[in-house]
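Hi,

Here is the structure I promised to pass on. Have a look at it first, and then read my notes below.

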Amino acid sequence: MKKLLLFSLSTTLLLSSCVSKKQFADLEAKHKETQDLLNTATLKLNTCIADKASASARATALEEQISDLRKSNDNLQVLSAKGASNIEKTLESIKEKDLKITRLQDALTKKDSVTLALVTSFKREVGINDPDIEVNVEKGVVFISIADKLLFKSGSYNVTSKARDVLAKVAKVVNSKPDFECMIEGHTDNVPYKKAPLLDNWDLSVKRSTSIIRVLQDLGVNPGQLIAAGRSSYVPLVDNNSKENRATNRRTRVVVLPKIDQFYDMIEKEMKNLEAGN
């Protein structure tokens, strides 16, 4: 879900754009696969919880039956060794199934807890009162959206000195989460861009991404955690029909992902255990 100079500068930049699109597509596919698994796990969990309630009621009735039978010498004689053994096995099976359900719940809860902790960290470090910086969660993934006016001058991919203050806060949180991957995703408006050595908006969006990555690396972020991606003008937030809207669409997103293989493997293992128990 992954980890993600020169014959010709323009050729390299174009290839970077293509590679970034493929990396992003792979990440999206892996994320969808994991989300589908989580949805399946949640449905199965709900079924298991209902089964657990029914089994618990049955266990209670069986325990009351054992108690009543043991109180009566006559009934105790009727209770055969085989019958008592079967009841004890049923109770043990219920306890084992309950443990498997608890493990699956823990796996799902851990993912939600990690995501919540990450959002809290970013909001505390980056600041939630700046209208040009937005921190939110979509489908379990943390996104930080930063307006380009905080990062670049118009038509430029050189990071401004002011931007380093914002990126230093981002770097601080990323550095505290070595088990996370961080994708820097550049977005432009729909105004055609062609200024050598860049060819178009694809090149500009990727070049802005790699420029930010270099700053984060200079700030001590492990480059193995960083992924460069460009979306050009094809994922706008609003219509590009005004100066203000185009400014809104010119942005950089920092997409922060736990290394979802960890959660995928954990949830998959517990689902297999649960199915084996059935």
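**Charged pairs and a helix crossing**

Glu-185 and Arg-253 are both buried. Their side chains meet in a salt bridge, 2.8 Å from N to O. Since Glu-185 lies in strand 3 and Arg-253 in strand 5 (residues 251–258), the pair ties together parts that are 68 residues apart in sequence. Before you go further, keep in mind that this is a predicted model.

As for the general idea, side chains of opposite charge can pair when their charged atoms come close.

Which other residue does Glu-185 form a salt bridge with? It is Arg-231, and here the closest N and O atoms are 3.7 Å apart. Glu-185 sits in strand 3 (residues 180–187) and Arg-231 in the loop between strand 4 and helix 6, so this pair ties together parts 46 residues apart in sequence. Buried means under 20% relative accessible area. Glu-185 has a value of 0%, so it is buried, and Arg-231, with 19%, is buried as well. Put together, Glu-185, Arg-231 and Arg-253 are linked in a network of salt bridges.

A search of the whole structure finds 4 salt bridges. One more to look up is the one between the side chains of Asp-189 and Arg-250, at 2.7 Å from N to O. This pair links distant parts of the chain, 61 residues apart: Asp-189 is in the loop between strand 3 and helix 5, and Arg-250 is in the loop between helix 6 and strand 5. Asp-189 counts as buried because its relative accessibility is 8%, while Arg-250, at 29%, counts as partly exposed.

Asp-189 also turns up among the residues that Asn-240 touches, along with Asn-190, Asn-245, Arg-246 and Asn-249, if you leave out residues up to four places away in sequence. You'll find Asn-240 in the loop between strand 4 (226–230) and helix 6 (243–249). Its side chain is joined to that of Asn-249 by a polar contact of 2.8 Å. Is Asn-240 buried or exposed? Its relative accessibility is 18%, so Asn-240 counts as buried.

Now for the helices. The axes of helix 4 (residues 161–175) and helix 5 (residues 201–218) come within 9 Å and cross at roughly 65 degrees. The crossing is right-handed. Helix 4 brings Arg-164, Leu-167, Val-170 and Ala-171 to the contact, and helix 5 brings Ile-212, Val-215, Leu-216 and Asp-218. By class, that makes 6 nonpolar, no polar and 2 charged residues.

Cheers

Definitions and conventions
Residues numbered from 1 in each chain as written. Predicted model: local features only at pLDDT ≥ 70, side-chain atom pairs only at ≥ 80, totals over all residues. Heavy atoms only, no water. Axes fitted to C-alpha atoms, helices over the stretch in contact; angles between N-to-C directions. Helix = DSSP H or I, 4+ residues; strand = E, 2+ residues; numbered from the N terminus. Left-handed = near helix turned anticlockwise from the far one by under 90°. Contact = heavy atoms within 4.5 Å. Nonpolar A, V, L, I, M, F, W, Y, C, P; charged D, E, K, R; others polar. Buried < 20%, exposed > 50% of the residue type's maximum accessible area, 1.4 Å probe, protein only. Polar contact = N/O pair within 3.5 Å; in protein donor to acceptor, adjacent residues only side chain to side chain.
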